[in-house]
Amino acid sequence: MTTRAGELTEYRRKRDFTRTSEPAGGGRKKSPKLAYVIQKHAASRLHFDLRLELDGVMKSWAVPKGPSLDPSVKRLAIHVEDHPIEYNAFEGTIPEDEYGGGTVMVWDTGSYTSAGGEDDPEEALRQGYRKGDFKFVLRGKRLKGSWVLVRTRGWGGRKEQWLLIKHRDDEADASSDPVAEHPTSAKSGRTMEEIADGRPPKRSRKRGPKR
Ligand code: MN
């Protein structure tokens, strides 16, 4: 599996790591699976950052309204700079006067795979990404199943516009709203306010009476 370092130049140029607790990147990949994360980010405008690992970095899109499970809904996804894989674990607060200042929550986390059963799934993903027709299958705690990101405007520029669309499968559900149904962190169980206040992660407790 390739672990070739991607382009983190823009990511690093935008941030002052003496001021933000975001990771600078450059660490080693831990899991053989391709990582997936969505972070809820209360910056100047609330949005959801979808990140999918490819070629050693997290390809990233800012989705203002977050994901929809309704296959008839197309959600705008603005392509943003590659992020380091270590970013997937980042949950906390970026200082207000820094780039992306605001609270970040790990809203969903897991892995993802190529949509087809190709001989070389990573190459299929790479080609789909380049073509602007990026099909993938999520294996997250909250989001699963088949999705596509379709590029609609711009290529290689700063603000490529893509659309995030749920494919029709068993995980599609026009009647549910995952963004509203999951107000807490998939990592720590905290709300945005609790993360902003620096409250400790919630311990997962077993149900039922104490013995
Ligand atoms: Mn963001």
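The structure is a predicted model, in which local features need pLDDT of at least 70 and side-chain atom pairs count only at pLDDT 80 or more, while totals for chains, interfaces and linings use all residues. Residues are numbered from 1 along each chain as its sequence is written, and side-chain values use heavy atoms, with hydrogens and water left out.

Helices (H or I, at least four residues) and strands (E, at least two) are DSSP runs, numbered from the N terminus; two strands pair if DSSP finds at least two bridges between them. Buried means under 20% relative accessible area, exposed over 50%, and partly exposed in between, with a 1.4 Å probe and protein chains only. Strand β3 spans residues 57–63, and seven of its seven residues are buried, so the strand is largely enclosed by the rest of the structure. Strand β2 (residues 46–54) runs antiparallel to β3 and is joined to it by seven bridges, with Arg51 standing opposite Ser60 of β3. Two residues lie between the strands of this hairpin, where Asp55 takes a positive phi near 55°. Strand β4 (residues 74–83) is also antiparallel to β3, through four bridges, and here Trp61 stands opposite His79.

The pairing continues from β4 to β9, which are antiparallel over five bridges; Leu76 has Leu163 in β9 as its bridge partner.

Next comes the packing of nonpolar side chains. In soluble globular proteins, nonpolar side chains tend to be buried together. A nonpolar core is taken as a set of buried Ala, Val, Leu, Ile, Met, Phe, Trp, Tyr and Cys residues joined through side-chain atoms within 4.5 Å. The largest core holds 27 residues, of which Leu50, Leu52, Trp61, Tyr112, Phe134, Phe136 and Leu149 touch the most other members. Strand β2 supplies the largest share of this core, four residues. A second, separate core has seven residues, including Leu8, Tyr11, Tyr87 and Ile94.

Rings of Phe, Tyr and Trp (its six-membered ring) pair if their centres lie within 6.5 Å; planes under 30 degrees apart count as stacked, over 60 as edge-to-face and the rest as tilted. A search of the whole structure finds 11 aromatic pairs. One of them is the edge-to-face pair of Tyr11 and Tyr87, at 5.9 Å centre to centre with 90° between the planes. This pair links distant parts of the chain, as Tyr11 belongs to helix α1 (residues 9–13) and Tyr87 to the loop between β4 and β5 (92–94), 76 residues apart. Both tyrosines, Tyr11 and Tyr87, are buried. Elsewhere, ring pairs connect Trp61, Tyr112, Tyr129, Phe134, Phe136 and Trp162 into a cluster. A charge sits over a ring if NZ of Lys or CZ of Arg is within 6 Å of the ring centre and within 35 degrees of the ring normal; the charged end of Arg142 is placed in this way over the ring of Trp107, 5.6 Å from its centre.

The model also contains a manganese ion. Its protein donors are His41 (ND1), His47 (NE2) and Asp49 (OD), at 2.1 to 2.3 Å. Donors are N, O and S atoms within 2.8 Å of the metal (3.2 Å for Na, K and Ca), and water is not among the atoms, so sites may look incomplete. The donor residues follow the spacing H-x5-H-x1-D in sequence. His47 is buried at 14% relative accessible area, and Asp49 is buried at 5%.

Two further positions complete the picture. Gly101, in the loop between β5 and β6 (102–114), is buried with 10% relative accessibility. The C-alpha atoms of Gly101 and His41 are separated by 9.1 Å, although the residues are 60 apart along the chain. Thr113 lies in strand β6 and is partly exposed, at 23% relative accessible area.
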